[in-house]
Amino acid sequence: LYAPPDKSALRDELRRDVLRLTWDDLEGHMEALRYFRLAHGLRVAASEVTGALPLMKVSDYLTYIAEVVLEHVLQLSWEHMVERHGRPRRADGSVDTAADFVIVGYGKLGGIELSHGSDLDLVFIHNSDSTLSTDGERSIDNLTFYTRLGQRIIHILNTNTPTGKLYEVDMRLRPSGNSGMLVSSLVAFEKYQANEAWTWEHQALVRARVVAGSVELGEQFEAVRQRILGRERDLDQLRKDVADMRRKMREQLGSEAKAKARDTVLFNLKQDAGGIVDIEFMVQYAALAWASKSPGVIRYTDNIRILGSLEEAGLLDADSVAHLIAAYKAYRSTGHSLALQRQEAVLEGDNHFTEERAQVTAIWDRLIGHP
């Protein structure tokens, strides 16, 4: 409990766990992955409850577990697809020796802020030539190959077995949402982000990072992310877009209606005014507003380090940054405790985090306001 494994140690442990399995033993791999996740989930929970690990290290640990699982699931899915259809061809006549494909993590996974029971917000991107096909006897075009690869990944993660699901997967942040292609080419992804994406999709991109797959394609994705986030923006329009989206979320997901029905005072840690999402939206607004002049603010994807980079660049004052970081950590710590008890992140009564909420709301009013 006092010396949690780092990502490389987790990789080694999982590799040892599956050494006896062949790639075609899908059921064996699925059970090994679920046992691995459950065992380490229990270990990190015990570490947190006993105070052996601080909040940030807990989220690191949970994020590393998910990343190692995703790396293995991608490899398992790749081996299955290659066995059935061969390898995707390239324009120069060679073939992909490994998947020309990345899994991009958004939200808590992208921000290295996973909690107990968090789902995974994922986007799949490939870089193959869609006009070419695989080299196997049952050849299919490259786009179909990588689409089925993505479907296979979701199947392995989402399927219920006697030991449960690996992770709940949410793919709604891909270009065009649920109506869009499951797997996008990098060129199509950049074109969509540049010409069609809404402001909230660029906000989401602030927290996006590659968590598994091709190193080269991952670097290309990050270059696209930097280009999109680094564009100069109309700050009045940006403030309006961010404030409007926040208001809609609060109306739909906040606790006001539920509090009235129960004739009590509730505070939803995530969605109510002064809560987690207000902090996240301010961080995203600041990153989008100032990245064109200070590219360092979009280097990281986690809120704490982005806030630190905003202070370092002189874009947010030290007191505001300190208040936001303290509130963010306090909210998340309480949220983790409630998640371990399988309770909603909602507190009853009007005496919870009153000072933190007031500070966050005051900073919101100064930074974004209510256009």
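## The second largest pocket

About 640 Å³ of space lies in the second largest pocket of this predicted model. On a 1 Å grid over the protein atoms alone, a pocket is an open set of points where a 1.4 Å probe fits, with protein on both sides within 12 Å along at least five of seven lines, and lining residues have an atom within 4 Å of a point. Grid points are joined across faces, edges and corners, and the volume is the space filled by probe spheres set on them.

The lining has 22 residues, and Arg 37, Leu 38, His 116, Gly 117 and Arg 342 sit nearest the centre. Helices α2 (26–49), α3 (55–85) and α13 each put in at least two residues, with α2 giving the most at 6. Helices (H or I, at least four residues) and strands (E, at least two) are DSSP runs numbered from the N terminus. By type, this lining splits into 10 nonpolar, 7 polar and 5 charged residues. Here Ala, Val, Leu, Ile, Met, Phe, Trp, Tyr, Cys and Pro count as nonpolar, Asp, Glu, Lys and Arg as charged, and the others, Gly among them, as polar.

## The largest pocket

The largest pocket holds about 1700 Å³ of space. It's lined by 49 residues, and the closest to its centre are Met 249, Lys 270, Gln 271, Val 277 and Glu 280. The helices supplying at least two lining residues each include α7 (199–206), α9 (235–253), α11 (276–290) and α13 (318–340).

## Helix α7

With 7 of its 8 residues buried, α7 is largely enclosed by the rest of the structure. Buried means under 20% relative accessible area, exposed over 50%, and partly exposed in between (1.4 Å probe, protein chains only). Among the buried ones are Glu 201, His 202 and Gln 203. Their cover includes β1 (101–106), α6 (186–195), α8 (215–229), α9, α11 and α12 (303–312).

## Asp 100

Asp 100 sits in the loop between α3 and β1. Asp 100 is buried yet has no salt bridge, and the nearest side chain of opposite charge, Arg 90, is 5.4 Å away. A salt bridge needs a side-chain nitrogen of Lys or Arg within 4 Å of a carboxyl oxygen of Asp or Glu; Lys and Arg count as positive, Asp and Glu as negative, while His and the chain ends are not counted. Leaving out residues up to four places away in sequence, Asp 100 touches Ile 125, His 126, Asn 127, Ser 128, Tyr 146, Ser 214 and Leu 217, where contact means heavy atoms within 4.5 Å.

## About the model

Residues are numbered from 1 along each chain as its sequence is written, and side-chain values use heavy atoms, with hydrogens and water left out. In this predicted model, local features need pLDDT of at least 70 and side-chain atom pairs count only at pLDDT 80 or more, whereas totals for chains, interfaces and linings use all residues.
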